[in-house]
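Have a look at the model first, and then we can walk through the ligand's surroundings, a helix beside it and some charged pairs.

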Amino acid sequence: MKRPNILILGAGYGGLTTAVNLQKKLGYDEAEITLVNKNSYHYESTWLHEASAGTLKPERVRYEIKDVLNKKVHFVQEAVEKIDIKNKRVVTNIGELTYDYLVVGLGFEGETFGIEGLDKFAFGITNVNDARKIRDHINTQFAEWASQEVSEKDDSLLTIVVGGAGFTGIEFLGELANKIPELCKEYDVPKEKVRVICVEAAPAVLPMYSPKLVNYAIKALTKKGIEFSVGTPVVQATEEGVKIKKGPNEFEFIKASTVVWAAGVRGSRIVEESDLPSKRARVAVEDDLRVPGYPDIFMVGDCAFLMNKETERPYPTTAQIAMQQAITVAENLVAMVKGEETKTFVPNLKGSICSLGNSDAIGNVFGKEFTGKSASIMKKIIDNRALYFIGGTSLVWKKGKLNLFK
Ligand code: FAD
Ligand code: NAD
């Protein structure tokens, strides 16, 4: 009998966790499993703010996909260009792949909400290549300022605007705050010349946390020189900087040669361009994570949209949820291959931690609030745990954050 053909798109937290769970649960003779990813490596998206600020080498953020797969999963390094659900095939830059069951885990892209100029003039913290670009760009601006004649120095080279004070914005600011003194030393730049401004549209930063935690974060970052402009949405980006809205008819232009956009994410463009019903490139899924009307297609991670029926709000798009979903997707695929019933995905939200640089953080875990060193240690344990669930102890030794107390 022909083995069913399972095709997994994307080797992020969702796709790769699905693959490693399937290779544990299915025998060679039970299914053919193929994993497609555009790079040979998986990257820890949750560490990209560190690579972007230059506090962690990009090499540390990624590992080879083949290192965590056994021979049951066939890995192909190809870029998905089109999902053709009518003909049950996926077009890539190399050719095409067919499927009996499809798992879509193509992840997130930056959301610019159509704001003029952002696509062209702002950087996004979305993958390893983008992270390297941000790091190199900031270094170049410092070097450029240092090489200008004293009378001609353009201080906007040393101004960095970070759009959005959600998790990504705040975590990036935490890393940047620690990196700036190093850059100042390296490029002979007086620290007072550097401005890092966080612009947030909403009236408060990190609305999911209590005022106590938020105040802790703002105080810690302000102490290191970060400025906040809250309740002032970015409305335009140009080559020279950003325009922010300060009142009904009041605008300010911040001259800055670096703009990093961290104001939200959407799903993959490939999902949006397919015939799957999507909103902001996310597909609403059934309780078992399949697409309504398409019993052979699962969505996992940031491309899936799932409502929390208790709060009547969507679950946040996080690595935590992506990995939990992937376990259920793998179990449901095994059930389908064996002709059994699929089961409902039940998220187990443990809380969240927002880092403020390498050794400081705030967070709420199992309903208890943490700040400082203890929160930071917990964050590193969570990071190591994600590595462990995909690649076991050897991956933790290779890539883990082993110095918990630094
Ligand atoms: P991704 O991790 O985005 O993986 C998608 C994969 O698909 C990638 O390997 C990509 O290369 C591949 N791919 C994309 N397009 C194609 C294509 N066309 N062809 C082939 N392959 C393709 N969440 C938490 O729970 N905790 C945190 O601490 C946390 N920190 C974060 C910090 C930052 C800076 C950011 C940006 C996000 C953070 N998140 C965190 C959110 C988390 O990273 C995402 O929710 C998570 O990465 C989603 O996983 P995913 O598998 O859906 O997609
Ligand atoms: P987000 O949507 O959580 O936050 C974006 C922020 O940008 C919001 O505060 C929003 O008000 C602001 N914003 C929107 N438009 C703006 C504008 N025009 N001008 C200025 N500000 C504007 O997005 P994120 O921080 O990128 O996070 C994406 C997902 O990844 C979330 O689900 C988050 O939970 C997850 N994440 C988690 C962690 C963690 O757990 N430590 C870290 C990073 C990201």
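How do the residues of the shell around ligand 1 divide into nonpolar, polar and charged? Keep in mind that this is a predicted model. The shell holds 11 nonpolar, 15 polar and five charged residues.

**Around the ligand**

In all, 31 residues surround ligand 1, and the closest are Gly 14, Val 80, Asp 302, Ala 319 and Lys 379.

| Residue | Part of the residue | Ligand 1 atom | Distance |
|---|---|---|---|
| Tyr 13 | polar backbone atom | oxygen | 3.0 Å |
| Val 80 | backbone N or O atom | nitrogen | 2.8 Å |
| Lys 379 | polar side-chain atom | oxygen | 2.8 Å |

Ligand 1 on its own exposes 1,000 Å², of which the protein buries 90%. Helix 1, helix 6 (167-187) and helix 9 (319-337) are the elements that each give two or more residues to this shell. Helix 9 contributes the most, with three residues.

**Helix 1**

Helix 1 runs over residues 13-25. From the first C-alpha to the last, its 13 residues reach 18 Å, close to the 18 Å expected at 1.5 Å a residue. Helix 1 is also mostly covered, with 11 of its 13 residues buried. Among the buried ones are Tyr 13 and Gly 14, and Tyr 13 also supplies the backbone atom 3.0 Å from a ligand oxygen.

**Salt bridges**

Side chains of opposite charge can pair when their charged atoms come close. Here the count comes to 26 salt bridges.

One of them joins Asp 100 and Lys 2, at 3.2 Å from N to O. Asp 100 sits in the loop between strand 8 (96-98) and strand 9 (101-104), while Lys 2 belongs to the segment before strand 1 (5-9), so this pair ties together parts 98 residues apart in sequence. Asp 100 is partly exposed, at 26% relative accessible area, whereas Lys 2 is exposed, at 63%.

Another links Arg 195 to Glu 227, with the closest N and O atoms 2.7 Å apart. Arg 195 lies in strand 13 (residues 195-200) and Glu 227 in strand 14 (residues 226-230), so parts 32 residues apart in sequence are tied together. Both partners are partly exposed, Arg 195 at 36% and Glu 227 at 30%.

Arg 290 and Asp 288 also meet in a salt bridge, at 2.8 Å, and these two residues are buried. Finally, salt bridges with shared partners join Glu 50, Glu 171, Lys 379, Asp 383 and Lys 401 into one network.

Terms used: Residues are numbered from 1 along each chain as its sequence is written. Chains are lettered from A and ligands numbered from 1 in the order in which they are written. This is a predicted model: local features need pLDDT of at least 70, side-chain atom pairs count only at pLDDT 80 or more; totals for chains, interfaces and linings use all residues. Side-chain values use heavy atoms; hydrogens and water are left out. A salt bridge is a side-chain nitrogen of Lys or Arg within 4 Å of a carboxyl oxygen of Asp or Glu. Helices (H or I, at least four residues) and strands (E, at least two) are DSSP runs, numbered from the N terminus. Buried means under 20% relative accessible area, exposed over 50%, partly exposed in between (1.4 Å probe, protein chains only). The expected span of a helix is 1.5 Å times one less than its number of residues. A residue is near a molecule or strand if one of its heavy atoms lies within 4 Å of it. A polar contact is a pair of N or O atoms within 3.5 Å; within protein, one must be able to donate a hydrogen and the other to accept it, and residues adjacent in sequence count only if both atoms are side-chain atoms. Accessible areas come from the Shrake-Rupley method with a 1.4 Å probe; for residues, only the protein chains shown count as cover. Ala, Val, Leu, Ile, Met, Phe, Trp, Tyr, Cys and Pro count as nonpolar, Asp, Glu, Lys and Arg as charged, and the others, Gly among them, as polar.
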